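Hi everyone, thanks for coming. I'd like to walk you through a structure that may be new to you, so please have a look at it before I go on.

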Amino acid sequence: MRSWTGVLAVLFLLLLALPGQATVTRKGTLSTAQAPSQALGEPIRYNLYLPYGYADGDARYPVLYLLHGRGDSMEAWTRIKDSLDGMIATKQIPPLIAVMPDAPWSERGSWYVDSAYTTGRPVETALTRDLVQHVDATYRTAPIRNARLVGGYSMGGAGALRYALAHQDLFSAAIVLSPAVYTPLPPADSSTRDYGAFGQGDSRFSDEVYQRLNYPNLLKQINPDLPVSLFVAVGDDEYANPDPADAHHDLDFESATLYNAARRVPGVAAQLRILDGGHDWSVWSPAFEQAMTALGPTLSTVPPTGLGGTKYAATWAGGVTATGAAGMAASGSVNGQPYKGKLDAVVVAQNWTAQLGTASDERLYGVAALPDGGVLAAGYTKGDLDGKHPGNTTDDAFVANLDANGRTRWITQFGTQGTADRGYALAAAADGGAYVAGYTKGGLDGTNAGDKDAILARLDPAGNVLWTRQLGGTGEDKAYGVAADDTGVYVTGTASAALPGTTALGGLDGWVAAYDQNGERRWVTPVGGDADDRLNGVAVTSAGQVVVTGASGGDLIARAFTAQGRQAWTATVATPAADEGVAVAPLPGGEVEIVGYTRGRIGVAAGGADILTVRLDRRGRQLSVAQLGSARDDGVDPFGEPNLYAAADPAGKVTISGITDGGVFVTTP
């Protein structure tokens, strides 16, 4: 009997030998069309790429606009059709529409600008207004900036750069290949001077016009609330100008200059690639694929989710309760309250605002609701906040108890004289007292073991410190999170060396420790790997699990332990960029919501660092994930430190507060 294995092997080899069988079978289509242009008084011709499946449904698509180089035509870009087919088929990029306009004006040297030369044409207006409006009206596009990407090579690279910077409302990103851009002015032999694109009246070239339209001037006008991503690529064998005075105008040099100027502008993200090759498709083809790999996944037919909620003019976030009471630190008056000086500690509730301070700095790191409608707040002060520490000039931890009307019932300030002591986390105790965690450089419970030791303090309902526990090794140790239940209290933080009873894992280690209600340590466990790790938040779930969150190796990590310290599960969220968990909000049924930040893309990126929410079931399985934010950094400060808080009510509604550009937000997504 013939071997079926042999037959199948022969058939497989025959299939491989057939022409075209190794190529993508799900191919898009190319066609030619025209767009009416009021600006030009004549149609704009363009080639159109529609992805496979476009005709079969009603989905909307992002649009890629591709500008050809000087002297070329709209046919030039058709060579990338196979790349688009392949990248869409392999899900490297989303299905999209590509529009490749022809630019014959100024004898194909228009530089894609509105020319003021005698015979010049309004090319920029025609393409950015008339063509875009036509495409959105004719095809199933999403008429938002997040769904538009513009690209080009040589003269087209200069055009793509200009359109992305000058029309931020239209485009969110640009592919800028071997851009024919020169600063401050083109060299004498540049064709930018020859076609009237940058002319004025009878003069073919005007220094003033060129500099006004060029990218250095555009970068000065960038709106950071409409972020733009640039992918710049150039070959290492570009034309080398023989005139030493013009050597800095070589396009590899100019591309690097562009990149270094753009990356320093708020609201602009830039990447630069140097490829082997010259001013031709040996560079542009692979550079296009690299650019689409980087920028294509950022395209979205839906806009980013904003923060929503309420924004306060404050410097730092300082905690949040499930009822929406928010702590913050402000360098001025909040809601008309008296300002004390430098940073004040502020609590804003639904019906009142309390502002606590001295002439020195006060900063909050946690608020907690009390059963009688009052609020606990904790942080640190450099002054005499409780009236019992005259002459204090170093950080002291403090806890304040405010009643249901925002009036101060008591403030307890504590620390070691002459050294820094900070409260970084707060949890309410069942009796109305408090647990506060942080660090000390002194000896609140014996001798300091190193540079800083983590601390945990227990206060009774009257504000008396019942006990303080100090945990540290030979390095720097801090506590960032604390949570309590009926049996004890759990603390998380970081350590730069091994804590007592543990073995260092490498770099900074996260850790979680458990104490009973009398302050006796039950167990402590390091968390992380051989890189830097950090644990920021902890909560006890309705199922009795202790869930911690932070960052491990640049990824968000969440881990659950039993009350006895046995690991129950681990969950991670990873993007190529930084991701970090900051707070844990316990939900009904043993679920949790991890709140953190990402600089990557989990949903639709808004820009900078975005807020990230991840819902996990009692076994650590991901139920949902969401990304929200503004165009600026949210939930993280300029030093890369998280500044973000979350709390959940009994029904599972999560309230989030954190830092954002120019203030503090409080929102319930």
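Predicted model: local features only at pLDDT ≥ 70, side-chain atom pairs only at ≥ 80, totals over all residues.

Let me begin with a term. A salt bridge here is a side-chain nitrogen of Lys or Arg within 4 Å of a carboxyl oxygen of Asp or Glu.

How many salt bridges does the structure hold? The count is 24. One of them joins R162 to E124, where the closest N and O atoms are 2.7 Å apart. R162 belongs to helix 5 (residues 155-166) and E124 to helix 4 (residues 123-138), so this pair ties together parts that are 38 residues apart in sequence. Are these two residues buried or exposed? Both R162 and E124 are buried. There is also a network of salt bridges, which links K441, D451, K452, E476 and K478.

Now let's move to strand 33, residues 592-598. Seven of its seven residues are buried. That covers both faces: V592, I594, G596 and T598 lie on one side, with E593, V595 and Y597 on the other.

What are its neighbours? On one hand there is strand 32 (residues 579-586), which runs antiparallel to strand 33 and is joined to it by seven bridges. Within that pairing, P586 has V592 as its bridge partner. The two strands form a hairpin with five residues between them, and G589 in the turn has a positive phi of about 75 degrees. On the other hand there is strand 34 (residues 610-616), again antiparallel to strand 33 and joined to it by seven bridges. Here Y597 stands opposite I611.

R615 pairs with E593, the closest N and O atoms being 2.8 Å apart. Because R615 lies in strand 34 and E593 in strand 33, the pair ties together parts that are 22 residues apart in sequence. Why does E593 count as buried? Its relative accessibility is 9%, and buried means under 20%. R615, at 25% relative accessibility, counts as partly exposed.

Next, the aromatic rings. The structure has 20 aromatic pairs. In one of them, the rings of Y153 and W281 have their centres 5.0 Å apart and their planes at 65 degrees, so the pair is edge-to-face. Y153 is in strand 6 and W281 is in helix 9, 128 residues apart. Both Y153 and W281 are buried. A second example is W523 with F561, a tilted pair at 5.9 Å centre to centre with 40 degrees between the planes. W523 sits in strand 27 and F561 in strand 30, 38 residues apart, and both are buried. Going back to Y153 and W281, ring pairs link them with W77, W284 and F288 into a cluster.

Finally, some charges over rings. The charged end of R422 sits over the ring of Y380, 4.0 Å from its centre. R458 lies over the face of Y435, at 5.0 Å from the ring centre.

That's my tour, and I'm happy to take questions.

Technical notes. Residues numbered from 1 in each chain as written. Heavy atoms only, no water. Buried < 20%, exposed > 50% of the residue type's maximum accessible area, 1.4 Å probe, protein only. Helix = DSSP H or I, 4+ residues; strand = E, 2+ residues; numbered from the N terminus. Pairing = 2+ DSSP bridges. Phe/Tyr/Trp six-rings, centres within 6.5 Å; stacked < 30°, edge-to-face > 60°. Lys NZ or Arg CZ within 6 Å of the ring centre and 35° of its normal.
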